[in-house]
Amino acid sequence: MANAAAAANTKWWSGGKSPFNLEYGKLMMWYFLMSDTFTFGALLITYGTVRMSSDSWPDPNHVFQSFPLLGSGLPLLFVSLMTFILIVSSVTMVLAVHEGHHGNKKGVIKWMIWTILGGLAFLSCQAWEWTHLHHEGAWWGSNPFPNADGTVSKSNFSDLFFTITGFHGFHVFSGVVINIIVTIMAWKGVFERRGHYLMIEKIGLYWHFVDLVWVFVFLFFYLV
Amino acid sequence: MEHQTFGGEVTFPHEAPGDDSIKRIRKTTIILSVLTLIELGLGLAIYMMHKNPDYSHSLVHLIKGVVIILSLGKAFFIVSIFMHLGDEIRNMIMTIVVPLCLFIWFIIAFLWDGVSWKDLRNEYAPKDPVKHEQVEQPAHEGGLK
């Protein structure tokens, strides 16, 4: 609680320092993420509205039941793998930020590389799943999976699935690219010269946000 | 311990040197993994229940509600520990959290709209077969009789 004590004794709004005790770029990353929350929120709420307006909906355990090399009839298994990959890459990112706090260049690079590998593993899983579903006849505008009550379904399920997981996958992809860039910068000693690793903290926020969105994509598409 | 500067903007670092943050990261990782495993277990329970044709709908809804609450718990841990929002100054936290209250309206309004849309369609579609069968039938066989 040293922070709370310091906060109580500081005149935050008297000028000369950040009233939020945050560097400008980091604060703006927070506000960007808040706006992105509303973008994803709008997409997921669209999914909720369309699903609520339908008399029946495809059963996710029927749609997502395959695992590479193991065949089908295995609901939840593949998506569990994807979820754990993303959680683990979030943990390695936290560790990179932690090393950055201590100015440990080697530690930052090591954990950033693990984070990048986690991101690439997740993207590979998603590529496999999209390919698999596409082979089964699912794509924007076509949905081969019947509703849970046996009636013929509309294409809403596929449309929303590919749009939302696609938008999330695009975020993961951008995250991996930015992670690679900042890792190279760390390796070149840019942050060492700057005297701090705040850039790692900023990309870290973005990366955790991507993990956070997946928590809800996983929840609404695969679990409920 | 190297001294780090933050361009003069930041008054105190977010992480004091030599604190127990590694322990906190490990603990949060375990919590997130356990919550995910519970969610998967509940998801599997729903799958098993669906196999029985006359399963209890209210129990399935209850389980789904629990899974949603668990996910919100995961979101809380990711944001407050991994993203360090819990360590920020209260005013800053409020500038993030207060706008998110819009979601309360957002979710209620749009899910309500979806339900109403379904109810209206189910109520009027059977009463107005001509309008709804025109798509399938050739034009000269449709129309009012």
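User: How many residues of chain A and chain B are in contact?

Analyst: The model is a predicted one. In it, 64 residues of chain A are in contact with 62 residues of chain B, where contact requires heavy atoms within 4.5 Å. The two chains bury about 5,800 Å² between them, and 71% of that area is on carbon and sulfur atoms.

User: Which helices of chain A supply the side that touches chain B?

Analyst: Helices H1 (2-8), H2 (24-52), H4 (77-101) and H8 (198-223) of chain A each supply at least two residues of that side. The largest share, 16 residues, comes from H2(A). By residue class, the side of chain A that touches chain B divides into 35 nonpolar, 22 polar and seven charged residues.

User: How many salt bridges and how many polar contacts are counted between chain A and chain B?

Analyst: The count of salt bridges between chain A and chain B is zero. Six residue pairs are in polar contact between these chains, with both residues at pLDDT 80 or more.

User: What makes Lys202(A) and Glu23(A) a salt bridge?

Analyst: The rule asks for a side-chain nitrogen of Lys or Arg within 4 Å of a carboxyl oxygen of Asp or Glu. The closest N and O atoms of Lys202(A) and Glu23(A) are 3.4 Å apart, and the pair therefore meets the rule. Lys202(A) lies in helix H8 of chain A and Glu23(A) in the loop between H1 and H2 of chain A, 179 residues apart. Both Lys202(A) and Glu23(A) are buried. Over all chains, the count comes to four salt bridges.

User: How do you know that Asp87(B) and Arg24(B) meet in a salt bridge?

Analyst: Their N to O distance is 3.0 Å; the limit is 4 Å, so the label applies. The pair links distant parts of the chain, with Asp87(B) in the loop between helix H2 (57-82) and helix H3 (90-100) of chain B and Arg24(B) in helix H1 (residues 21-51) of chain B, 63 residues apart. Arg24(B) has a relative accessible area of 29%.

User: Why are Glu39(B) and Lys74(B) called buried?

Analyst: Buried means under 20% relative accessible area. Glu39(B) is at 0% relative accessibility and therefore counts as buried. Lys74(B), at 1%, counts as buried on the basis of that cut-off. Glu39(B) also forms a salt bridge with Lys74(B), with the closest N and O atoms 3.3 Å apart. Glu39(B) lies in helix H1 of chain B and Lys74(B) in helix H2 of chain B, so the pair ties together parts 35 residues apart in sequence.

User: Why is the pair of Tyr47(A) and Phe221(A) called tilted?

Analyst: Their ring centres are 4.3 Å apart and the planes stand at 45 degrees. Pairing needs centres within 6.5 Å, and stacked means under 30 degrees while edge-to-face means over 60, so this pair is tilted. Tyr47(A) is in helix H2 and Phe221(A) in helix H8 of chain A, 174 residues apart. Tyr47(A) and Phe221(A) are both buried.

User: What makes Trp130(A) and Phe162(A) an edge-to-face pair?

Analyst: The angle between the planes is 85 degrees, at 5.0 Å centre to centre. Trp130(A) is in helix H5 (residues 105-135) of chain A and Phe162(A) in helix H6 (residues 156-187) of chain A, 32 residues apart. Both Trp130(A) and Phe162(A) are buried.

User: Is Trp187(A) buried or exposed, and how do you know?

Analyst: Exposed means over 50%. Trp187(A) has a relative accessibility of 55%, and therefore counts as exposed. Trp187(A) lies in helix H6 of chain A. Leaving aside neighbours within four places in sequence, Trp187(A) is in contact with Lys105(A) and Ile109(A).

User: Why is Gln126(A) called buried?

Analyst: Its relative accessible area is 7%; the cut-off is under 20%, so Gln126(A) is buried. Gln126(A) lies in helix H5 of chain A. Not counting residues up to four places away in sequence, Gln126(A) touches Met82(A), Thr165(A), Gly169(A) and Trp214(A).

Technical notes. Residues are numbered from 1 along each chain as its sequence is written. Chains are lettered from A and ligands numbered from 1 in the order in which they are written. This is a predicted model: local features need pLDDT of at least 70, side-chain atom pairs count only at pLDDT 80 or more; totals for chains, interfaces and linings use all residues. Side-chain values use heavy atoms; hydrogens and water are left out. Buried area is the accessible area (1.4 Å probe) that two parts lose on being put together, summed over both. A polar contact is a pair of N or O atoms within 3.5 Å; within protein, one must be able to donate a hydrogen and the other to accept it, and residues adjacent in sequence count only if both atoms are side-chain atoms. Helices (H or I, at least four residues) and strands (E, at least two) are DSSP runs, numbered from the N terminus. Ala, Val, Leu, Ile, Met, Phe, Trp, Tyr, Cys and Pro count as nonpolar, Asp, Glu, Lys and Arg as charged, and the others, Gly among them, as polar. Rings of Phe, Tyr and Trp (its six-membered ring) pair if their centres lie within 6.5 Å; planes under 30 degrees apart count as stacked, over 60 as edge-to-face and the rest as tilted. Buried means under 20% relative accessible area, exposed over 50%, partly exposed in between (1.4 Å probe, protein chains only).
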